[in-house]
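Here are some notes to read with the model open beside you. Take the points one at a time, and find each place in the structure as you go.

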Amino acid sequence: MTSFERVASAAEVREASPQVVRVGGRTVVLFYHEGSFHAVDDRCPHMGFPLSDGSVEDGILTCPWHHARFELSGGDTFDPFADDVSTFPVEMRDGDVYVDTDPERDADPAAHWQERLEHGLRESLSLVIDKAVIGLDDAGVDPAVSLRIGAAFGTEYREGGWGSGLTTLAAMATLLPDLRPADRRRALAVGLGAVADDCAGEPPFFVQEPLSTEHVSADRLTEWFRDTVEVRDADGAERVIRAAIHAGLDESALAATFVAAATDHRYLDSGHRLDFVNKAFELLDRIGWEHADAVLPSLVPGLADAERAEERSSWRQPVDVVALVEGASDDLSALVARGEGETWTEPDGFVDRLLGDDPHDIVDALTDAVAAGATTAQLAGAVADAAARRVAQFGTANEFRDWNTVHHTYTYANAVCGLAGRTDAVELYRAVLDGAVSVYLDRFLNTPPIPLPDPDGGRDPNEMLTALLETFEVEADETVGKAGRHAAEYLASGGDPTRLKRALGEVLLREDAGFHPRQNVEAAFSRYDAAEDGRVHLIATARYLAAHTPTRREGEQTFRIAERLNRGEAIHEA
């Protein structure tokens, strides 16, 4: 069915083209060109400029603002940065021009915006990605759909495999429940934009076929995977992991396989590789494990090519902590056997012991705990608490780049916590030891340690939250300390942690925060929820965020433009 409405006389349009008319509640521009009438949405789909101010030549309509070009009769764009413009069927009746008032009655907005999201990812166009995310949200599409599209693109179009883009996407997905509803689509746009940026200009990921083995045990597949990663044979390792997936290994077995390979050497790529493994598993939780064959093999190139901490002098001199960890690792099976049936409770001062200056005592504390029945989850949580203290007590007299050093340890420890919830593999204790040694190596960044805020409470939480948010508007060393104190005072005064997390999330998403702050906030929120007393994690991330704000907020500006365009506002008149 169609619904045509008279909009003008043909003579008027021939005499003065273009003509702007209202059709079905929309502003439409009529063009008379090369003997035919054409009706086009007057809003340029790129930035909303009036196409009635544009020019038509040789069947091409050009917007005068950013010079986007459109095929006049069908609306298709010549330029990847612009969407296709809507066109309207036109009929001539007794010398008058009639236009269909609802040409898109059968259109599927979800399908349209999914296509536009894929286009934005391919061309790495932030505005297109943002508009697509908003359009999908307005259409009521589950966020998992956008996550699946981003995961599929990120794993297919980056030769190096899983990187910072997909990690950001997974982190934003994890953050969604902790954010204000209005910020959730912004988080999706941030994650998808990071995937596009990470893949821009990269060769694609060429898939290796799985080994055509049958009836091979999980233990044997893990052995093969470790052997191929050991000799940096990424192709062989990919074929093994695909065979493991096709053989039906469950999540726990796959996690054990990756943990074993990632801990055969120490603290790969400053902890990033194990963090990436954890994030890949978290993303699969959200998009569905039927996508494991696409997602998990993307981890292999990075694992095979990773820098191994034993190759770094800081892990060898003046104390050979590599030998210390590997010696303890050799005893793990026996220690775990001794602890069977025992129940370990974290003793007072255990985290302080992990923050000590004697690496032998730190390793002894952990191995004694294993022998007493401590689980990987318990010890990983203690190491994460210690790593959070390093961030919370980081001295701003250090070089700015040293924030990354304590941050890497923290996100590594958070990853170990995440994987401890998936597998009870003995090798995960090696990751705990690596994390604890990295906490030890970071000790100089707390020299002298900044005292942890210890407020009495009793302040107005609203005032404390306002004061905290003000620290993110000023670039100065003293704001770092203020941010920690205000966050601590807010919590001590009975402030709602949920509200604090939403405020910190809002700050994170409005800034051009980059990879590390996004990781840091997501890890802090996860650890706060899991820890018995998680305040130090929120204090730490408030300090870290204050050190990295404010920024130019270019991404936020683009997202706000996308929102206004989708609402039909005239951006050019602002």
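1. The largest cavity holds about 50 Å³. A cavity here is a set of points on a 1 Å grid over the protein atoms alone where a 1.4 Å probe fits but cannot get out. Grid points are joined across faces, edges and corners, and the volume is the space filled by probe spheres set on the points. Five cavities of 30 Å³ or more are counted by this rule. Rolling a probe the size of a water molecule over the atoms shows where empty space is left.

2. A word on where the values come from. The model is predicted, so local features need pLDDT of at least 70 and side-chain atom pairs count only at pLDDT 80 or more, while totals for chains, interfaces and linings use all residues. Residues are numbered from 1 along each chain as its sequence is written, and side-chain values use heavy atoms, with hydrogens and water left out.

3. Which residues line the largest cavity? They are R226, V229, E230, A261, D264, H265, L268, L303 and R308; a lining residue has an atom within 4 Å of a point. Four of them are nonpolar, one is polar and four are charged. In this sorting, Ala, Val, Leu, Ile, Met, Phe, Trp, Tyr, Cys and Pro are nonpolar, Asp, Glu, Lys and Arg are charged, and the others, Gly among them, are polar. Helix 7 gives the most to this lining, with three residues.

4. Stay with helix 7 (residues 218–230), where you will find T228. Is T228 buried or exposed? T228 counts as buried because its relative accessibility is 13%; buried means under 20% relative accessible area, exposed over 50%, and partly exposed in between, with a 1.4 Å probe and protein chains only. Apart from its neighbours within four places in sequence, T228 is in contact (heavy atoms within 4.5 Å) with D233, G236 and A237.

5. Now for an open space. The second largest pocket has a volume of about 780 Å³; a pocket is an open set of points with protein on both sides within 12 Å along at least five of seven lines. Its lining has 29 residues, and V351, D385, E532, D533 and V536 lie nearest the centre. Two or more lining residues come from each of helix 15 (350–354), helix 17 (376–392), helix 21 (477–492), helix 23 (515–530) and helix 24 (535–547). Helix 17 has the largest share, six residues. By type, the lining of this pocket has 15 nonpolar, four polar and 10 charged residues.

6. Next, look for the open sheet of four strands, in the order 2-3-4-8, with antiparallel pairing. Strand 2 and strand 8 (87–88) are its edges, each pairing on one side only. Two strands pair if DSSP finds at least two bridges between them. Helices (H or I, at least four residues) and strands (E, at least two) are DSSP runs, numbered from the N terminus.

7. Follow the sheet strand by strand. Strand 2 (residues 19–23) pairs with strand 3 (residues 26–33) over five bridges; V23 faces R26, and Q19 stands opposite L30. These strands form a hairpin with two residues between them, and G24 in the turn has a positive phi of about 55 degrees. Strand 3 also joins strand 4 (residues 36–41) by six bridges, with L30 opposite A39. In that hairpin, which also has two residues between its strands, E34 takes a positive phi near 55 degrees.

8. Helix 4 (residues 143–156) is worth a look too. Its 14 residues reach 20 Å from first C-alpha to last, close to the 20 Å expected at 1.5 Å a residue; the expected span is 1.5 Å times one less than the number of residues. Among its buried residues are L147, I149 and F153. Their cover includes helix 2 (109–123), helix 3 (126–138) and helix 5 (164–175).

9. Finally, step back to the whole chain. The chain has 25 helices and 10 strands, and its C-alpha trace spans about 95 × 65 × 40 Å along the principal axes. Of the 574 residues, 56% are buried.
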